[in-house]
Structure formats: structure tokens, C-alpha cells
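This report describes a single protein chain for a reader who works with coordinates. Please look at the sequence and the model first.

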Amino acid sequence: MKILKRCRKATIYDDEKNLLCQANVFLDEEENLRISAPEEFDEHIQETFEIIFFDPVMGLIPCRCTLSEPETLSNQVISFKCSVLERGEQIQRRMDIKVPVEIDILMRTDEIVGGTIETCDGGYTAKLMDISAGGTYLVSKMWVNQGAVIEFQLTETKTPLDLKAEVLRVVEQTDEEGNLTYGHGCRFLELSHNAETMLRNFVYQRERELYRNDIW
């Protein structure tokens, strides 16, 4: 399929949505789509597989595929011709999609204008509720002014990531106990190429987890 030509990575699942392995994607000399997997992967355990391809522009593309014509690439890697039988509904590209999270953070800002001040280790407590490669939505008992710049560290990435974001909107809301809180929609600022790559990888991993657990 032409739509998969940009893909270089994929994950292979069985019919129960159990992750079997991660794989690399490439085209052979005859432009056939092939997937390389660890040598312990057994293509005979079922006739077809759910394979989720990662396209750097479009995001995740789930497909139902058959794997055939195994070729040994090295002592630990084997490749298969991948024939797509059915393409599922793609999940929009990660720059746009926001994945749900619940991550406690300590933010730094000089523009708190109201609410209940809660500090810890020199920062203000807040919780990220969703995140994308472009921004995040965080909730706090403090009201940070629209247009303010906040800074915080995301520790769930492979290497802790220092992030800066601008508050675009503020929404009053209540938590499960009826306490007044403030939701802040933010966009990231001054992202380096390395930081953006790490964010995209984090969102990608979260997408796969949600898909595998049937949350999406």
C-alpha cells in the first residue's frame, strides 16, 4: 500500500490484542512491503495479525495482515513479506491528538492570580490531564493568568524533559470532591528538535497502550 511507504516502525499483536513484538518496516527491491522481527517471533501461531504501522505524518494505521516468505537478515532478525488484507481507521497524527494522562508536576510561574496556593519543593502543584506534541491541559487549585508562561519537568519520558508552555485559556471546574479547580489549556514554547522527538515518542507509546487496552 502506498500509504505505508513512509512507515519505518510497527507493532504486531495477536487476536487478543497482546503485543507480540515491535518490528521495523521497509520495502524490498521489488517494492514489496516487508517487516523485520526478532527471530523468536512465530508467524505460524495464527493466519493473520493485527499490525499497527507508525506513519510520521498520519500517526497510527492499524491493518489486518498476513506474513509470509520469511528471510533471515541476521542471527537475531528475520523479515517477512507483509500483505495488507484490511486497513482500519487511522488514528490522527500525533501532533494533533491529545492522549489522556494523570501526571503530577511542579510548575514554576510568576503569574498566579487566584485560587489556593499549594507549593512543594519550590514549585506549584498541578496535574497534567492530557498531552500532545503541541501542548497540554493541566489542572490546579491555582489560577494562572491567561498568557502566562509556565515551566515544568516531565519525568515520564526516557530522559526528564524540561518544558515551557504558554497558558492559552483558563476554565473554572470542580474536582470529584466538589472543590474548585482551574483547568489550563497550554501550548509548548521553544521546543528543541530533541525535546519534540521525545514528546512525540511519549505520545506514541501512550497511544499504543490505549489502543492495546481497548480504551480507544
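The structure is a predicted model, in which local features need pLDDT of at least 70, side-chain atom pairs count only at pLDDT 80 or more, and totals for chains, interfaces and linings use all residues. Residues are numbered from 1 along each chain as its sequence is written, and side-chain values use heavy atoms, with hydrogens and water left out.

**The chain as a whole**

The chain holds 1 helix and 15 strands, where helices (H or I, at least four residues) and strands (E, at least two) are DSSP runs numbered from the N terminus. Its radius of gyration is 21 Å, whereas a compact globule of 216 residues would have a value near 17 Å; the radius is taken over C-alpha atoms, and the globule rule is 2.2 Å times the number of residues to the power 0.38. Along the principal axes, the C-alpha atoms fill a box of roughly 65 × 35 × 30 Å.

Of the 216 residues, 42% count as buried, a term that means under 20% relative accessible area, with exposed meaning over 50% and partly exposed in between (1.4 Å probe, protein chains only). Among contacts (heavy atoms within 4.5 Å) between residues at least 6 apart in sequence, 57% join residues at least 24 apart.

**Strands and their pairing**

Two strands are said to pair if DSSP finds at least two bridges between them.

| Strand | Partner | Bridges and sense |
|---|---|---|
| β1 (residues 9-13) | β4 | 5 bridges, antiparallel |
| β4 | β5 (residues 59-72) | 7 bridges, antiparallel |
| β11 (residues 135-140) | β15 | 6 bridges, antiparallel |
| β14 (residues 161-174) | β15 | 10 bridges, antiparallel |

Strand β4 (residues 49-55) is largely enclosed by the rest of the structure, because 7 of its 7 residues are buried. Phe49, Ile51, Phe53 and Asp55 point one way from β4, while Glu50, Ile52 and Phe54 point the other way, and all are buried. Phenylalanine 54 is the bridge partner of lysine 9, and glutamate 50 has arginine 64 in β5 as its bridge partner.

Strand β15 (residues 180-189) has 8 of its 10 residues buried, so it too is largely enclosed by the rest of the structure. Its tyrosine 182 is the bridge partner of serine 140, and its glycine 185 stands opposite arginine 169. Between β14 and β15, which form a hairpin, there are 5 residues, and glycine 178 in this turn has a positive phi of about 85°.

**Two residues in contrast**

Phenylalanine 152, in strand β13 (residues 149-154), counts as buried because its relative accessibility is 0%. Leaving aside residues up to four places away in sequence, phenylalanine 152 touches Ile105, Leu106, Met107, Arg108, Leu128, Thr136, Leu161, Asp162, Leu163 and Phe188.

Glutamate 86, found in strand β6 (residues 77-87), is exposed, with a relative accessible area of 53%. With the same exclusion of residues up to four places away in sequence, glutamate 86 touches Pro62, Cys63 and Arg64. The C-alpha atoms of glutamate 86 and threonine 125, which are 39 residues apart along the chain, are separated by 46 Å.
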